[in-house]
Amino acid sequence: MKIKKTVLMIISFCLLIIFLFPLVIMIYTSFIPQGNMTNIVKEYYLNDFEAGYMSVIKRTITPLGNTDYSLVKESPTSTQSLKIESTGERNPGIKMIGATRDLRKVKTFNFWLKVETPEIDNGYVRFEDVNGKFQDIPFKLEKRDQWEEIIINKKALDEEKLNLKYVTGISVVLNNEKDAFNVSFLIDDIKIYNQYPTLMNYVIVWTEDMFGRYIINSIIVSVTVVVANLLFSSMVAYAFARREFKGKNFLFGLILVTMMIPFQVTTIPIFMLMKNLNLLDTYWALILPQLVTPFGIFILKQYIEQLPIEIEQAAVVDGAGPFAVFFRIIMPLSSPALAVMGINTFITTWNDLFMPLILTSSREMRTAQVGLALYQQLTQLQWPYLMSATTIVGLPIMIAFLIFQKQIISGITAGSVKG
């Protein structure tokens with residue numbers, strides 16, 4: 001018997017790991033600076049000068065002032081480096097050009113430097129953005145005629161003055177303060193280290209891609225629909241469960257039939273109705289068609305019918321009216337079923353993609369799922385951003401489940417034990 005329990009626990013644990021594995025991958029990838037789970041880009045070279053072809057290097061490196069450069073067979077970590085020679089230049093150096101670089105997730109900017117001119121003991125790294133603004137970060141040389149690694153920390157960069165998203169040029173410049181006529185130095189392994197793990201993906205997605213607005217839209221729609229369903233669906237369910245009127249069974253059967261109609265069939269009628277009412281691209285277009293749902297009526301009717309009618313009769317004898325009985329007795333006693341219906345309605349509304357895509361047209365009215373779907377088309381290869389956006393969209397569902405898990409479980413098990 002103990003062996004069977006152990007095997008069952010192992011199987012359950014394995015199934016739990018399999019179930020949670022995609023969620024873990026999604027959250028883990030959202031903290032990666034670049035790449036994906038199997039290829040995490042923690043660092044990358046801007047240039048290590050191992051290509052061996054000056055024609056290639058000239059496409060990414062340009063000299064500053066009266067400066068020339070060439071490849072030499074000397075390096076602190078590899079086989080060759082770039083030698084810069086200047087004659088009569090006040091600020092000799094090189095500038096890295098080419099593709100625009102996003103340095104928002106950078107941790108440090110590193111490079112190796114060997115200065116062969118004894119009169120020079122300091123310099124600076126200049127970062128330039130697409131708007132022509134720049135910032136100079138100074139560095140001090142501690143060694144003479146030896147290789148030395150220079151590290152520029154991101155904290156030294158002023159993000160208010162410099163647009164780190166669009167850095168178009170990075171220059172390494174020496175200060176020839178003593179006016180040495182001939183200046184010579186070697187540079188190698190120009191590298192960027194990324195922050196890992198990083199929360200910057202969430203910041204970028206939230207601020208730059210309007211996911212904050214998408215989340216607010218989804219919260220407004222989902223919460224309003226849930227509250228309306230809890231009120232109106234429970235009213236309709238109470239009427240079907242406790243009141244007798246002509247055509248009751250026929251009407252309830254009609255409600256059940258609507259549950260079997262594919263939502264695609266009602267899409268065009270709802271669209272035309274919202275268009276005629278001039279409600280397209282508004283919150284009303286997303287809320288009104290979902291104020292009452294057949295599923296909510298069905299589940300609440302079944303639950304209310306199981307409640308002892310004697311409680312209601314006692315309340316009526318004490319002078320309670322229909323609304324007092326409903327709000328003070330039926331609603332509190334139906335809290336497990338209301339929780340199940342509420343979380344189901346919230347998840348369904350939150351995850352709805354089709355109707356918001358049809359009924360809205362502006363970015364300001366997009367819900368989270370529409371924003372995520374369109375965002376996937378723009379960031380197919382940027383997995384960290386995509387996983388961050390997916391985590392943001394899925395987080396409210398996780399929070400809602402954690403808050404209402406006790407009510408959900410009690411609602412599922414209600415009625416399973418007699419007596």
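This is a predicted model: local features need pLDDT of at least 70, side-chain atom pairs count only at pLDDT 80 or more; totals for chains, interfaces and linings use all residues.
1. H4 covers residues 211-242, and at 1.5 Å a residue its 32 residues should span 46 Å; the end C-alpha atoms lie 45 Å apart, so the two values agree. The expected span is 1.5 Å times one less than the number of residues. Helices (H or I, at least four residues) and strands (E, at least two) are DSSP runs numbered from the N terminus. H4 also bends by about 25 degrees at Asn-229, the bend being the angle between axes fitted to the seven residues ending there and the seven starting there.

2. A word on ground rules. Residues are numbered from 1 along each chain as its sequence is written, and side-chain values use heavy atoms, with hydrogens and water left out. Local features need pLDDT of at least 70 and side-chain atom pairs count only at pLDDT 80 or more, while totals for chains, interfaces and linings use all residues.

3. Next, have a look at helix H8 (residues 294-305). Its twelve residues should span 16 Å at 1.5 Å a residue, and the end C-alpha atoms are 17 Å apart, which agrees. Its buried residues (under 20% relative accessible area with a 1.4 Å probe, protein chains only; exposed is over 50%, partly exposed in between) are Gly-296, Ile-297, Leu-300, Lys-301, Tyr-303 and Ile-304. They cover an arc of only 170 degrees around the axis, so they sit on the same side of H8. The arc is taken from the directions from the helix axis to the C-beta atoms.

4. Now the largest pocket, with a volume of about 830 Å³. Of its 30 lining residues, Phe-263, Pro-289, Gln-290, Thr-293 and Pro-294 are the closest to its centre. H4 and H8 return here among the elements giving two or more residues to the lining, but helix H11 gives the most, with five. By class, the lining has 18 nonpolar, eleven polar and one charged residues. Here Ala, Val, Leu, Ile, Met, Phe, Trp, Tyr, Cys and Pro count as nonpolar, Asp, Glu, Lys and Arg as charged, and the others, Gly among them, as polar.

5. On a 1 Å grid over the protein atoms alone, a pocket is an open set of points with protein on both sides within 12 Å along at least five of seven lines; in a cavity a 1.4 Å probe fits but cannot get out, and lining residues have an atom within 4 Å of a point. Points are joined across faces, edges and corners, and a volume is the space filled by probe spheres set on them.

6. Finally, there is one cavity of 30 Å³ or more. The largest cavity has a volume of about 50 Å³, and strand S8 gives the most to its lining, with three residues.
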